[in-house]
Amino acid sequence: MRLNLKSVITTPGAAASFEFQLDLSELDFNGTCPICEPVSVTGQVKNTAGALVLSAEAKTNLHLICDRCAVPFQREKTLRYETLLATELEDEESEILLLEGDELDVGEAVTTAFILDMDTKNLCEEDCKGLCPSCGVNLNEGTCTCKREADPRLAVLAQLLEP
């Protein structure tokens with residue numbers, strides 16, 4: 001979504017609000033596409049004492065697979081994003097977004113921020129126990145009957161415990 005900010009740039013205190021939905025369902029994260037539902041974006045660009053400030057909030061429901069136990073689950077994702085805007089940049093490495101003339105592609109800015117805010121590890125629960133490495137039983141649902149093998153480096157000490 002492109003937002004024309006000509007009137008906001010020249011008027012201190014002026015604001016331009018926006019509301020739209022992003023379709024990010026095609027984005028691939030490690031072989032999965034967790035953003036199945038549209039991302040609802042709301043926000044505004046406000047001229048505060050000559051500085052343009054973009055404030056946005058993006059919300060959606062993510063469809064994920066737990067990295068420890070491989071169980072599918074859903075989690076709500078909310079991103080609050082705020083940045084400065086400018087018509088020209090003095091410092092190339094600045095985190096200020098550059099306007100294209102009098103316009104800003106809000107969809108592109110929010111999409112980039114949303115992708116960068118995605119978690120690299122997804123767990124169904126913070127204390128997820130995962131799967132048994134031997135038999136594959138989900139340890140969140142119960143215990144497995146596997147006999148745990150002793151560390152070969154400690155085999156001599158294990159013999160001390162035998163009757």
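What is the accessible surface of the protein, and what share of it belongs to carbon and sulfur atoms? The accessible surface comes to about 11,200 Å², and 49% of this area belongs to carbon and sulfur atoms.

The model is predicted: local features need pLDDT of at least 70, side-chain atom pairs count only at pLDDT 80 or more, and totals for chains, interfaces and linings use all residues. Residues are numbered from 1 along each chain as its sequence is written, and side-chain values use heavy atoms, with hydrogens and water left out.

**Figure 1. Overall architecture of the protein.** The secondary structure comprises 3 helices and 7 strands, where helices (H or I, at least four residues) and strands (E, at least two) are DSSP runs numbered from the N terminus. In order from the N terminus, the elements run β-α-β-β-β-β-β-β-α-α. The radius of gyration is 25 Å, well over the 15 Å that the globule rule gives for 163 residues, so the protein is more spread out than a compact globule. This radius is taken over C-alpha atoms, and the globule rule is 2.2 Å times the number of residues to the power 0.38. The C-alpha trace spans about 85 × 35 × 25 Å along its principal axes. Of the 163 residues, 29% count as buried; buried means under 20% relative accessible area, exposed over 50%, and partly exposed in between (1.4 Å probe, protein chains only). Among contacts with a separation of 6 or more, 54% are made by residues 24 or more positions apart, a contact being heavy atoms within 4.5 Å.

Figure 2. The protein carries 13 positive and 29 negative charges, whose mean positions are 10 Å apart. Lys and Arg count as positive and Asp and Glu as negative, while His and the chain ends are not counted. Each charge is placed at NZ of Lys, CZ of Arg, CG of Asp or CD of Glu.

Figure 3. Five strands form an open sheet in the order E2-E3-E4-E5-E6, with mixed pairing. E2 and strand E6 (97-98) stand at the edges with a single partner strand each, so one side of each has no neighbour in the sheet. Two strands pair if DSSP finds at least two bridges between them. Strand E5 (residues 72-86) and E6 run parallel and are joined by 2 bridges; Ala 86 stands opposite Leu 98 in E6.

**Figure 4. Strand E2 and its partner E3.** E2 pairs with strand E3 (residues 39-48) in the antiparallel sense over 8 bridges. Ala 15 stands opposite Lys 46 in E3. In a regular strand the side chains alternate between the two faces of the sheet. In strand E2 (residues 15-22), the covered face holds Ala 16, Phe 18, Phe 20 and Leu 22, and the uncovered face holds Ala 15, Ser 17, Glu 19 and Gln 21.

Figure 5. Thr 111 is located in helix H2 (residues 106-116) and counts as buried at 17% relative accessibility. Apart from its neighbours within four places in sequence, Thr 111 is in contact with Leu 22 and Leu 24. Thr 111 and Ala 16 are 95 residues apart in sequence, with a C-alpha to C-alpha distance of 19 Å. Thr 83, in strand E5, is buried with a relative accessible area of 10%. Not counting residues up to four places away in sequence, Thr 83 touches Leu 52, Val 53, Leu 54, Glu 95 and Leu 97.

**Figure 6. Loop residues with positive phi.** Most residues other than glycine have a negative phi. Asn 30, in the loop between E2 and E3, has a positive phi near 55° and is exposed, with a relative accessible area of 77%. Ala 70 is found in the loop between strand E4 (51-65) and E5. The phi of Ala 70 is also positive, at about 65°, and this residue is partly exposed, with a relative accessible area of 48%.

**Figure 7. Glu 88 in the loop between E5 and E6.** Glu 88 lies in this loop and counts as exposed at 61% relative accessibility. Its C-alpha atom is separated by 17 Å from that of Ser 7, 81 residues apart along the chain.

How values were computed. Areas by Shrake-Rupley, 256 points an atom, 1.4 Å probe, with all protein chains shown as cover.
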